[in-house]
Amino acid sequence: MFRLLLTGAVVGLLAVGGYAALKEMRSSDLQARYLSELAARMSYRLEKGPTNAVRYPQAGPYDIRLGYALLPQFAQRLRNQGFAVASQARFSPKLLEVAERGLFPPYPEKTQAGLSLVDRDGNPVYEAVYPARVYPAFDAIPPVILNTLLYIENRELLDEEHPHRNPAVEWDRLARASLDLVARKLGAGIHVPGGSTLATQIEKYRHSPEGRTDSAREKLRQMASAALRAYLGGADTTQARREIALTYLNSMPLAAIPGYGEVNGLGDGLAAWFGADFAAVNKLLGQAAGLTGENLGTAQAQAYRQVLCLLLAQRRPSYYLLAGREDLEQLADQHLRLLANEHVIPAGLRDAALAERSRFNDKPQPVPARFYVDHKTQNVLRTRLAMSLGVKRLYDLDRLDASARATLDPRTQTAVTAALRRLSEPQAALDAGVMGFRLLDANNDLSDIVYSLVLYEQGPQGNLLRVQTDNQNDPLDISDGIKLDLGSTAKMRTMVHYLELIAELHQQYAGTPAKTLKSVELHPRDYLSRWVIDQLLATPQIGLPDILEAALERRYSASPGEAFMTGGGLHVFANFNKDDNNRIMSVRRALEQSVNLVFIRLMRDVVYHHIYKPGGVGRWLDEDDAPRRTQYLERFADEEGRTYMRRFYRKYRDKGPQEALELLTKGVYPAPKRLATVYRSVNPSGSLAEFESYLKAHLPRGVLATSDIPKLYAKYAIDSFDLHDRGYIARVHPLELWLVAYLAKHPGASLSQVNEASVFERQQVYRWLFKTNRQFAQNKRIRMLVEREGFAMVHQAWKRLGYPFESFTPSYASSIGAAGDRPAALAELMGILLSGGLRYPMNRFDTVHFAAATPYEMEMALPQAEPKRVMLPEVAAAARKALTGVVENGTAVRVRGAYKLGGQALIIAGKTGTGDHRRRINGPGGRLLAEEVVSRTATFTFMLGDRHFGALTAYVKGPAASRFHFTSALPVQVLKSLSPTLIPMLARSETPAAPTRENALAAVSEAGPAKAAAR
């Protein structure tokens, strides 16, 4: 009896427990109480300064797309550029604990996000929002769309009977899916339906790695995270469940389309995949659409079918929306019948939709972003922000949950853009004064000219970009996007480095006793060291400012009557103004008048100094240092061999063995021994019959007797001659022979593999150079390498001051523009000189704000800059004074006095440059066969007052450039014409009263120029 009572009690308890469990599964009352209390403790707050109380997501598509997973990298890159964390969100202890346990931090997530840019005044510049088309609220969803979604995915989601219901799980579906999965594991051939609710699906496609569920553990993580998120607003989840349906429709992933990108949400999905208007679809299917009628219109039926297809495609979007469209149509037909049978849709809508087929749009248009001013400005800003963050594509940048404030001055930017664009109009050009000698003429097509201005303001945060614009619609950024021939602006870089060397020598030798100075062993070609020592011997107490002034007064010949061995060849140079040819002038005067030959000779002195100074790279050249000579010759052989190998590799890399042999043969004179050498070198294992066939195919009839073929085959075997001799016999470069043979055996080999395999051969083909009777040829090549090392030191000095390229032309011609440059880089050098030798960061943004109103929020801002000293202040002052002379007395004189504040003329300093880029095609013996005009460029890089600096460039590309003859006078005149446009911005500057031109000239000339010895 007792046993029976006990059994009954157990059964009763189990029954009560089962009833309670069943009730809990339906109502979620206990879960609601616990989880809502837990969720209430999961919060975050935004505070000033950085924090470690945050955990960033790592793998979810949503977190990667919006940039949350990348925030640590973004922050570090911005720190490296001078930014600091101004404010950052902190996790509460409980939120931090949940994140560390691996759950997705619960917070109200954004459906729409994207990049936003504003200018310095907070005016919108650019805005991208993705997805672009969404339901603004739950009530905006047409009931037929909502009910269709719930029937397919989550029928109990909006159950109003149980306000505490946990939307993260439907127990009956989960149980059935689990049992079916077990059965399938045991061998039952059944389909396993998904057990996910809309809430867990959102967690999956947003936060799970690759948006997938790859394990039971990942599924549990999705469910737990979804449950916590649902109870953020309290125990009653009614509103949260509505938000789940709204979020799903607005954000479900719908694959990606080439040329369009990733598609998310029903609204963008309809536009991208069907070309449908979201608003029109909602109107057709809305409450007032009359869907209960029997004779529905084609538009309504097509709209509903498209919506249904997207809701069904979400489970396998990349398949159903691309290759599996027919399967998707069949699946839609099945569901139309089911939905009508379950009274989710009326029969009339079913029948009308069954009669339709979805009309896919195969040429979707990208989602347009909102441009508030000209596109060029935004593209430049977006490109620079992407570079700052390390984001490779603008596509990815636009999808970040981020905003940034550009330092652009909006009124000036707009006004300058308009002014530059007006210059393509003849009357406006005439009014601006750009028509005339060395400017433009009536025969020029003014629309061919691109004008570009970049202008910075120097302040406590560094160099802030105020204007960057041009008058073209092309995306090319003239100021900072390409390498340009900017002509004589290179003289400024040359002069600055020259002054740095003088200052370095002064620091080295100043205060040294005269006896010691006289005993310094100087190479005869180290003219700079000799000059500084002579100055110190003549005036022992001469200070750095005075010796720099004296250095600017050093005189050089401007004669073009000398040939210069530089850059591996003998070169002659010309002056722009032939009246300068017979003059001897100072470096200062040559800078003002932009005289080429003075700077060619100055660059020679600079390079000689690097080569021949005590401890210089070339001091050994006059010594009989056989081991070092051999090292340099081997290096020359290797480098020149690589150059030839690169050229030959481009010629043959995509050719098969037979095609390559034919191409090689075309360049060989058809003589028997030459062709025999070619064939036996390239195909040494080829048979005699194949050899005979090759010769007969490529030699004129009657040139070769059949009896001679075996003799040629034996005589010119590959092991009969070394590679150098085989090249000589065939009159083909030996490395070309070697490469064709190598690629025949190693098809698809990379250039690096080719270079690695040809180390010995590259030395072998230059064996003639190592012979003792080749001393002249040896010296020529050794000096070329040593000169290159000297130029490497010049390049290093230029790079330290902002030169933008990793290499430049190792020739004296680099001093007059052969090295190329960028206007923005020249402007940066102007900024260094303006700041007295301090290099400030060049900033286009002063704040970057990530993930606003999320637990990952971070605002980075520019604090007061910590500039790096890259130049002595005395050098900067001397260079600045010399550049002021270019405006006062030289090639930029037309802008003198053009900018005034309070009736006082501002100091303007700068350097002009003109580039005439032509591509020359030479024939045998260097004879000029043709000349192609590539571009014509003129630029003026300048300082404007005591805070502003920049560069203005005029550029014509292509054949049209041959019709223009303007010089750097053009950008100088354009800058002058912009004075009414720029002066208001200069007047708004926070600086105290700007120095006047007269006061500045008086200040920098107090000491007076020292007399210098002429050489």
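Trainee: Which residues of α8 are buried?

Mentor: This is a predicted model with local features that need pLDDT of at least 70, side-chain atom pairs counted only at pLDDT 80 or more, and totals for chains, interfaces and linings that use all residues. Helices (H or I, at least four residues) and strands (E, at least two) are DSSP runs, numbered from the N terminus. Buried means under 20% relative accessible area, exposed over 50%, and partly exposed in between (1.4 Å probe, protein chains only). In α8 the buried residues are Leu198, Ala199, Thr200, Gln201, Ile202, Glu203, Tyr205, Arg206 and His207.

Trainee: How many residues of helix α8 are buried?

Mentor: Residues are numbered from 1 along each chain as its sequence is written, and side-chain values use heavy atoms, leaving out hydrogens and water. Helix α8 covers residues 198–207 and is mostly covered. Of its 10 residues, the number buried is 9.

Trainee: What covers the buried residues of α8?

Mentor: Look for contact, which means heavy atoms within 4.5 Å. Helices and a strand both take part. The cover includes α3 (61–65), α6 (143–153), α9, α10 (238–251) and β5 (253–257).

Trainee: What is the relative accessible area of Ser225?

Mentor: Ser225 sits in helix α9, residues 216–230. Leaving aside neighbours within four places in sequence, Ser225 is in contact with Leu103, Phe104 and Glu203. Ser225 counts as buried because its relative accessible area is 0%.

Trainee: Which residues does Asp333 contact, leaving aside its neighbours within four places in sequence?

Mentor: Find Asp333 in helix α15, residues 325–341. Asp333 has a relative accessible area of 10%, so it is buried. Its contacts are Arg305, Leu354 and Arg357.

Trainee: How far apart are the C-alpha atoms of Tyr840 and Leu464?

Mentor: Tyr840 lies in the loop between β15 (838–839) and β16 (842–843). Tyr840 is buried because its relative accessible area is 16%. Its contacts beyond four places in sequence include Gln458, Gly459, Gly462 and Asn463. Along the chain, Tyr840 and Leu464 are 376 residues apart, yet their C-alpha atoms are separated by 9.6 Å.

Trainee: Is the pair of Trp798 and Tyr803 tilted or edge-to-face?

Mentor: Rings of Phe, Tyr and Trp (its six-membered ring) pair if their centres lie within 6.5 Å; planes under 30 degrees apart count as stacked, over 60 as edge-to-face and the rest as tilted. A search of the whole structure finds 29 aromatic pairs. In one of them, Phe564 and Phe573 have centres 5.9 Å apart and planes at 50 degrees, so that pair is tilted. For Trp798 and Tyr803 the centres are 5.5 Å apart and the planes are at 70 degrees, so the pair is edge-to-face.

Trainee: Which residues do ring pairs link into a cluster?

Mentor: Start with the two pairs just described. Both Phe564 and Phe573 are buried, and so are both Trp798 and Tyr803. The cluster holds Phe564, Phe573, Phe791, Trp798, Tyr803, Phe805, Phe808 and Tyr812.

Trainee: How far is Arg399 from the ring centre of Tyr130?

Mentor: A charge sits over a ring if NZ of Lys or CZ of Arg is within 6 Å of the ring centre and within 35 degrees of the ring normal. Arg731 does this over Tyr728, 4.5 Å from the centre. Arg399 lies over the face of Tyr130, at 3.8 Å.

Trainee: What is omega for the peptide bond that joins Tyr130 and Pro131?

Mentor: Pro131 lies in the loop between β4 (124–127) and α6. The bond joining Tyr130 and Pro131 is cis, with omega of about -15 degrees.

Trainee: At what angle do the axes of α28 and α33 cross?

Mentor: Axes are lines fitted to C-alpha atoms, for helices over the stretch in contact, and angles run from 0 to 180 degrees between N-to-C directions. The axes of α28 (residues 657–666) and α33 (residues 734–745) come within 9 Å. They cross at roughly 165 degrees.

Trainee: Which residues of α28 make the contact?

Mentor: Angles under 35 degrees count as roughly parallel, over 145 as roughly antiparallel, 65 to 115 as roughly perpendicular and the rest as oblique, so α28 is roughly antiparallel to α33. On the α33 side, the contact uses Glu736, Leu737, Val740 and Ala744. On the α28 side, it uses Pro657, Ala660, Leu661 and Leu664.
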